[in-house]
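User: Please examine the following complex and answer a series of questions on its architecture and its contacts.

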Amino acid sequence: MTCPHARELMAAYWQRELTVEDTAVLRRHLETCPECSAEMTALGGLWERLADLPAPEPSHTLDARWRQTIGILTSAQPARRIWWPRSPVWGVALAAACLVIGVIAGMNVPRQNPEIAKLREEISSTREMVALSLLEQQSATERLRGVSYSGRLDNMEPDVLTALTRAVAHDPSVNVRLAAIDALTKASGRPEVLQSLTQSLPAQESPMVQAAVIDYLVEARDHQAVTALRQLAAQPDLNPAVLDRARFAVSQLSR
Amino acid sequence: MINPVSASDHDRMRAVARGDLASMNAIYENRHRPLFRFFFRLTGRQAMAEDLVHEVFVRMIRYRHTYQIETASAGTFEAWMYRIARNALADSARRHRLETTAAEGELESIESTRPTPFDAAAKRQDLALLYRALRQLPEDKREVLVLARFQNLAYDEIGRILGCESGTVKGRVFRAMKELSAIYSDLSKEKTA
């Protein structure tokens, strides 16, 4: 056995990955090679002492940040799909049954009080104002809250969509940009949103945001984004992971 | 070698990739401490290590769609997570070099006047020299040693993370230990002189 091979076996021995057979081979080499034997003793001892170094612990701030982030991301997620039969025949039958039940129920339920409808409209409008106001704040945390609020709105009005697409394009915080992209999932079919996100691509510096915008455009099946994606893929210093995503997106959207 | 936590986190990550973001909480619980220790031992800075841990989990969510494609070709959840961690560290190091060129002296003085609990414990047990030696090890050697000795990863797993054969990893670990020993020995002589 050569000394370089013995050194590999020593490293495996320290890590407790050496087989019984290889341990015997290593022992035989150490008996005949004083240099390797000395290294085994000195470095093996140091390897054991490394285990005595205390394990550092993260602060509670990390947990708090994580809870906030995952809270925002999960609340911005679109609702899960409801169950629906795969067979078209059963689908039509179920739809017809729902329609009949709805008509009968509608005829028997008293008409909604117009004041309640107005109140609902006002609450929705207030939520929208709160979301827009938060999106204008200096603090990134407040802007994240604004994005979260926006994601919860039943109907995204054009000014909310504008504020979110502006956040994707210009917000200094990567986390706000990412959360805004997730919140915009509700409006993925809107041409103005797709156009704005596509236009923001060349100026995005964060690979994470670039990847998120690409994924968004693929999920929305935005075929018009192919040119912009090809231009992005041609950038010389593009992150390799983003390059892969961009190429994948072009192949998907060019079909 | 695939441990049970890695196997279950693999299932959880597949659920995240399918859209169940809440499954990320269990992955966070299992992984945030080892990841923090990995970053802390490589950077020596508490705040930076915590920022990087947060960044890794955000990236895992961001790149969730690529999970199955990547793990099918290159191994386990563990390897995927540490590759994201290494990329996050490399990006941070680039930014940090740009941001801290002027303030490097200030950072050093803050570190020396405000020791972390980790520093204090290490000094109490006369392990400070070993800790200093580890900090002085070149980055690539420190990384392979941290992955093997502190993160308890098998050599074939480390090979998947670093993109090389497990035999190469063993050779690198040996050389890292040899250099660590030399630095430690020099520091011991300085102390006694």
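Analyst: Two residues are in contact if their C-beta atoms, placed from the backbone, lie within 7 Å. The model is predicted, so that local features need pLDDT of at least 70 and side-chain atom pairs count only at pLDDT 80 or more, while totals for chains, interfaces and linings use all residues. Residues are numbered from 1 along each chain as its sequence is written, and chains are lettered from A and ligands numbered from 1 in the order in which they are written.

User: How many helices and how many strands does the secondary structure of chain A come to?

Analyst: Helices (H or I, at least four residues) and strands (E, at least two) are DSSP runs, numbered from the N terminus. From that end, the elements of chain A run α-α-α-α-α-α-α-α-α-α-α-α-α. The secondary structure of chain A comes to 13 helices and zero strands.

User: Which helix of chain A gives the largest share of the side that touches chain B?

Analyst: The contact takes 35 residues from chain A and 41 residues from chain B. On the side of chain A, at least two residues each come from helix 1 (3-14), helix 3 (34-50), helix 4 (60-75), helix 9 (174-183) and helix 11 (207-219). The largest share of that side, eight residues, is supplied by helix 4 of chain A.

User: By class, what residues does the side of chain A that touches chain B have?

Analyst: Ala, Val, Leu, Ile, Met, Phe, Trp, Tyr, Cys and Pro count as nonpolar, Asp, Glu, Lys and Arg as charged, and the others, Gly among them, as polar. On this basis the side of chain A that touches chain B has 21 nonpolar, seven polar and seven charged residues.

User: What is the relative orientation of helix 11 and helix 13 of chain A?

Analyst: Axes are lines fitted to C-alpha atoms, for helices over the stretch in contact, and angles run from 0 to 180 degrees between N-to-C directions. Helix 11 of chain A packs against helix 13 (residues 240-253) of chain A at an angle of about 10°, with the axes 10 Å apart. Angles under 35 degrees count as roughly parallel, over 145 as roughly antiparallel, 65 to 115 as roughly perpendicular and the rest as oblique. Helix 11 of chain A is therefore, relative to helix 13 of chain A, roughly parallel.

User: Is Arg16(A) buried or exposed?

Analyst: Arg16(A) lies in the loop between helix 1 and helix 2 (20-32) of chain A and has a positive phi of about 60° although it is not a glycine. A residue is buried if 20 or more other C-beta atoms lie within 10 Å of its own, exposed if 12 or fewer, and partly exposed in between, with C-beta atoms placed from the backbone. Because Arg16(A) has 7 C-beta neighbours inside 10 Å, it counts as exposed.

User: Which elements are included in what covers the buried residues of helix 9 of chain B?

Analyst: Helix 9 (residues 139-150) of chain B has 12 residues, and its buried residues include Val144(B), Leu145(B) and Val146(B). The cover over the buried residues of helix 9 of chain B includes helix 2 (24-43), helix 10 (155-162) and helix 11 (166-192) of chain B, together with helix 3 of chain A.

User: Leaving aside its neighbours within four places in sequence, with which residues is His65(B) in contact?

Analyst: His65(B) is found in the loop between helix 3 (46-62) and helix 4 (67-74) of chain B. With 17 other C-beta atoms within 10 Å, His65(B) is partly exposed. Leaving aside neighbours within four places in sequence, His65(B) is in contact with Asp215(A) and Ala17(B).

Technical notes
The expected span of a helix is 1.5 Å times one less than its number of residues.
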